[in-house]
Amino acid sequence: MRLCISVLNGSLNGQSYRLHEGVLLLGRGVDAGVRFDPSIDGMVSSRHCLLQAEPDGFYVVDNQSTNGTYVNGQRIQRVRLNHGDVIELGAPGVQLRVALESPAPTMAAAPSRPVSVPGGRTAMLRQTLGGIGMYDPERKPPVAESAVSPVGVYVGTAVGVLVCLALTLLVALIMLSELGIVVALIATIVAFVPAFFYMLPLLWLDRYDPEPVWALAASFVWGGVVAVIVSYILNSLFGAVAASVGGEVAGTVVGAVISAPIVEEGSKGLGLLLILLFLRREFDDIVDGIVYGGFIALGFATVENILYYGRSLLQGGFEGLLVVFILRGILSPFAHVTFTAMTGIGCGLSRESHNLAVRLLAPLGGYILAVILHMIWNGMAVLLGGGFLIGYALFEVPFFLLFIGFLFYVARREGKILREMLSVEVARGLITPEQLAIVTSAIRRTLWPLQGNFAARRAFLRNVSKLGLSYWHVQRAVAAQSETRSLPQIPRLQAEIMRLREQV
């Protein structure tokens with residue numbers, strides 16, 4: 001049996017659509033399988049209702065629409081459809097006549113008239129939310145996901161671990177040669193213990209779609225090992241060249257105000273680009289860019305602080321260490337985070353956009369802004385001397401407060417995206433309204449795993465969040481008449497959520 005709906009009025013008057021399995025979304029939004037013109041069909045909501053195939057027939061489900069969904073003049077929430085029923089989207093609104101028919105062999109689950117969108121791939125994307133069915137245990141994963149050689153993964157992981165160990169050893173040797181064992185150990189403790197507390201705001205920001213622990217750890221290691229070594233070598237080189245040409249003062253200014261911002265933000269930003277390119281499934285939006293950039297910057301600042309704390313301990317004893325700790329550990333622990341977050345925002349914009357110019361230029365623009373902010377910070381410290389605190393109060397504090405406000409905005413934005421995108425899965429029954437409320441609540445999603453099967457509940461929350469963001473990427477791809485790698489993730493995530501529902 002197949003469902004056929006014929007549009008009787010409005011912007012799609014005369015068109016027919018068929019559904020054999022899965023769900024078809026009706027509305028004015030760009031992700032709707034049957035999309036009405038917003039300027040003509042004002043009674044229709046962006047994601048008005050769903051047509052859903054179930055074992056006992058076809059159902060229409062209202063998706064919390066503003067003006068309601070009606071069947072034969074009666075407002076409904078969910079009802080099974082019969083041949084000859086009339087669905088109305090709003091009252092008065094667009095009307096659709098229902099027909100139940102036997103499918104032709106070559107016409108299964110396709111509109112009788114094509115959606116007027118150029119390009120077959122784009123038309124397919126436009127119907128993504130409508131065409132993706134519920135979990136099918138016989139469905140095989142995409143070839144790209146199943147064809148990865150385990151041997152290649154193990155070899156790559158082993159090589160990466162060995163390189164990290166070698167670079168870590170090099171960093172340790174640099175610290176020991178300059179500070180000595182005892183001082184290096186004290187400075188390391190003073191630098192690393194507060195770092196765990198500095199991570200908490202970033203973890204709070206990442207509450208809706210927590211990144212994998214291994215990815216955050218790798219980001220921290222990149223900043224604390226790779227970026228530190230590259231910056232240490234290049235900054236020392238540029239500073240030495242400038243000192244030999246213009247004297248010690250010129251070497252200090254060039255090394256701190258010019259070389260350090262360019263090199264350090266470049267080495268940290270390279271880590272962000274690698275995550276954007278190779279961990280695309282874990283990099284969804286601006287929030288992820290800030291989080292990954294923040295962990296890279298914290299890794300860099302923590303290891304860099306070992307040198308600063310160690311030198312201050314050698315030169316001024318514990319009093320000198322206390323002064324530097326107040327300046328770097330209390331007044332400015334998020335300086336590097338704020339700088340590198342600009343590059344992260346640029347990478348996040350690139351991930352969200354399907355405009356080629358934005359995808360290429362946004363990371364570059366973020367990097368340039370990061371360099372400028374870093375130059376201002378270092379310039380105040382080097383050139384203002386005692387006036388640094390005045391510059392800190394007049395420039396850095398207002399900017400940091402503005403940045404905090406932006407973090408609250410992007411966090412709320414991500415929650416709103418999840419609520420909107422996942423409303424389809426609530427209507428079709430994959431998740432409950434209560435589970436959606438938990439997913440989008442910072443406090444409840446933190447406490448909920450502690451009240452039951454911790455591992456299963458955390459995995460459930462993560463997969464639900466990732467599903468919502470995958471739908472969002474598809475929606476944006478449809479709007480841009482482009483493609484997205486998030487599309488093949490959706491059936492896999494639905495299947496995993498279905499499996500985990502029994503355990504939570």
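Trainee: In this predicted model, which residue forms a salt bridge with Asp 209 with the closest N and O atoms 3.2 Å apart?

Mentor: A salt bridge here needs a Lys or Arg side-chain nitrogen within 4 Å of an Asp or Glu carboxyl oxygen. Asp 209 lies in the loop between α5 and α6 and its partner in helix α14, so the pair ties together parts that are 257 residues apart in sequence. With its closest N and O atoms 3.2 Å from those of Asp 209, the partner is Lys 466.

Trainee: Is Lys 466 buried or exposed?

Mentor: Buried means under 20% relative accessible area. Lys 466 has 5% relative accessibility, so the residue counts as buried.

Trainee: Which arginine also forms a salt bridge with Asp 209?

Mentor: The closest N and O atoms of this second pair are 3.5 Å apart, and the arginine is Arg 462. Arg 462 lies in helix α14 (residues 454-479) and Asp 209 in the loop between α5 (181-205) and α6, so this pair ties together parts that are 253 residues apart in sequence. The arginine asked for is Arg 462.

Trainee: What are the relative accessible areas of Arg 462 and Asp 209?

Mentor: Arg 462 is partly exposed, with a relative accessible area of 22%. Asp 209 is buried, and its value is 0%.

Trainee: What is the separation in helix α7 between Lys 268 and Glu 265, in helical turns?

Mentor: The side chains of Lys 268 and Glu 265 meet in a salt bridge, 2.8 Å from N to O. Because the two residues are 3 residues apart in helix α7 (residues 248-278), the separation is about one helical turn.

Trainee: What relative accessible areas do Lys 268 and Glu 265 have?

Mentor: Lys 268 is buried, with a value of 0%. Glu 265 is buried as well, and its relative accessible area is 0%.

Trainee: How many salt bridges does the structure hold?

Mentor: For the structure, the count of salt bridges is 13.

Trainee: Where does helix α8 bend by about 140°?

Mentor: Helix α8 (residues 286-331) has 46 residues, and a straight helix would reach 68 Å at 1.5 Å a residue. The end C-alpha atoms of α8 are only 26 Å apart. The bend of about 140° is at Gly 316.

Trainee: Which residue caps the N-terminal end of α8?

Mentor: The cap places a side-chain oxygen 3.3 Å from the backbone nitrogen of Val 287. The capping residue is Asp 285.

Trainee: What span should helix α9 have at 1.5 Å a residue?

Mentor: Helix α9 (residues 335-352) bends by about 30° at Ala 341. α9 is mostly covered, with 17 of its 18 residues buried. The end C-alpha atoms of α9 are 26 Å apart, which agrees with the span that its 18 residues should have, 26 Å.

Trainee: How far apart in space are Arg 280 and Arg 351, C-alpha to C-alpha?

Mentor: Arg 280 lies in the loop between α7 and α8. At 16% relative accessibility, Arg 280 counts as buried. Arg 280 and Arg 351 are 71 residues apart in sequence, and their C-alpha distance is 8.3 Å.

Trainee: Which residues make the nonpolar surface patch of about 690 Å²?

Mentor: Val 245, one of the members, is placed in helix α6 (residues 213-246). At 72% relative accessibility, Val 245 counts as exposed. The patch is made by Val 230, Tyr 232, Ile 233, Leu 234, Leu 237, Phe 238, Val 241 and Val 245.

Trainee: What is the phi of Gln 64, and what is the phi of Asn 72?

Mentor: Gln 64 is in the loop between β6 (57-62) and β7 (69-71), and at 72% relative accessibility Gln 64 counts as exposed. Asn 72 lies in the loop between β7 and β8 (74-76), and is partly exposed at 47%. Gln 64 is not a glycine, yet has a positive phi of about 55°. Asn 72 is not a glycine either, and its positive phi is about 55°.

How values were computed
Residues numbered from 1 in each chain as written. Predicted model: local features only at pLDDT ≥ 70, side-chain atom pairs only at ≥ 80, totals over all residues. Heavy atoms only, no water. Patch = residues over 30% accessible without salt bridge, like charges linked within 9 Å, V, L, I, M, F, W, Y side chains within 5 Å. Areas by Shrake-Rupley, 256 points an atom, 1.4 Å probe, with all protein chains shown as cover. Helix = DSSP H or I, 4+ residues; strand = E, 2+ residues; numbered from the N terminus. Buried < 20%, exposed > 50% of the residue type's maximum accessible area, 1.4 Å probe, protein only. Expected span 1.5 Å × (residues − 1). Bend = angle between axes of the 7 residues up to and from the residue. Polar contact = N/O pair within 3.5 Å; in protein donor to acceptor, adjacent residues only side chain to side chain.
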